[in-house]
Amino acid sequence: MAEKRQTAFLDRRARRSAIITTLTYDYPHGYMVPWHFHEWDQLVYASEGVMTVRTESGSWVVPAQRAVWIPARTAHEIRMSGRVSMRTLYLKPRLEHGLQRRCEVMNVSPLMRELILHACERPALTKKQRAHAHLIGMILDQLKAAECVPLRLPEPVDPRSLRVQGRSLMTRAISDL
C-alpha cells in the first residue's frame, strides 16, 4: 500500500485560487497506479526509485532524480520499480505557453529538485501570496529550461502486437477520454 503524506485535494475555494497543487507519495516495489488522467498538467518527480509511466503513445522510464511531464487529460498508468518516493506538482493547464504538450522525461537540476521538495511542503501555491508567486515563477523558469532526455519507448499500434501485449479495449477507451 502506498504511503500518502499530503493530499492535493483541497476545499473548493483554495483549489480555485491555486496555481500549483502538490502530492507526496512513497510506494513499495511493484506498486501500480492504474489508468487515470488529471485535469491539470502534472510534473512527476522520482526522488528515489524508478517509475515507468505508460500512455497510449508510449512508455517513459523515469529513473531517480528525473521527472516526467504529463500534460492535462493524458491518460496514464505508473509502475514502480523498487521503492519509489514520488513528488508531484499539478499545474493549472496551459499555465505557461513554453511548456510541452506531450509527455517528456526531463533532467532535474539541483535547483529544480529543491524547488519541487520545497513546494511539496505545502498543499497549494497561489499567486496571492508573494513568496508563493516567486516560487511559482522559479518553477516555471526551471521547467522551460529543463533538458529533455530520450527515455521513451513507443507503444505498438499493430493489432497483433497489441494482442501479444495484452492491451484491453478498456485501456484504449480510457485513453480516448
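Reply: In this predicted model, the largest nonpolar core has 23 residues, and those touching the most other members are Y27, M51, V62, V68, I78, M80 and M86. Two or more residues of this core come from each of the strands β2 (18-27), β4 (41-54), β5 (58-62), β6 (66-70) and β7 (76-91). Of these, β7 gives the most, with five residues.

M80 shows the surroundings of one such member. Leaving out residues up to four places away in sequence, M80 touches Y27, P28, H29, G30, Y31, V33, V50, M51 and M86. Y27, M51 and M86 in that list are also among the residues that touch the most other core members. Apart from this core lies another, of 22 residues, including L89, L99, V108 and I116.

The helices come next. The axes of α2 (residues 110-119) and α3 (residues 130-145) come within 10 Å and cross at roughly 140 degrees. Angles over 145 degrees would count as roughly antiparallel and 65 to 115 as roughly perpendicular, so α2 is oblique to α3. The crossing of α2 past α3 is left-handed.

On the α2 side, the contact is made by L111, M112, L115, H118 and A119, which meet L135, M138, I139, Q142 and L143 of α3. By class, eight residues of this contact are nonpolar and two are polar, with no charged residue.

How values were computed:
Residues numbered from 1 in each chain as written. Predicted model: local features only at pLDDT ≥ 70, side-chain atom pairs only at ≥ 80, totals over all residues. Heavy atoms only, no water. Core = buried A, V, L, I, M, F, W, Y, C linked by side-chain atoms within 4.5 Å. Buried < 20%, exposed > 50% of the residue type's maximum accessible area, 1.4 Å probe, protein only. Helix = DSSP H or I, 4+ residues; strand = E, 2+ residues; numbered from the N terminus. Contact = heavy atoms within 4.5 Å. Axes fitted to C-alpha atoms, helices over the stretch in contact; angles between N-to-C directions. Parallel < 35°, antiparallel > 145°, perpendicular 65-115°, else oblique. Left-handed = near helix turned anticlockwise from the far one by under 90°. Nonpolar A, V, L, I, M, F, W, Y, C, P; charged D, E, K, R; others polar.
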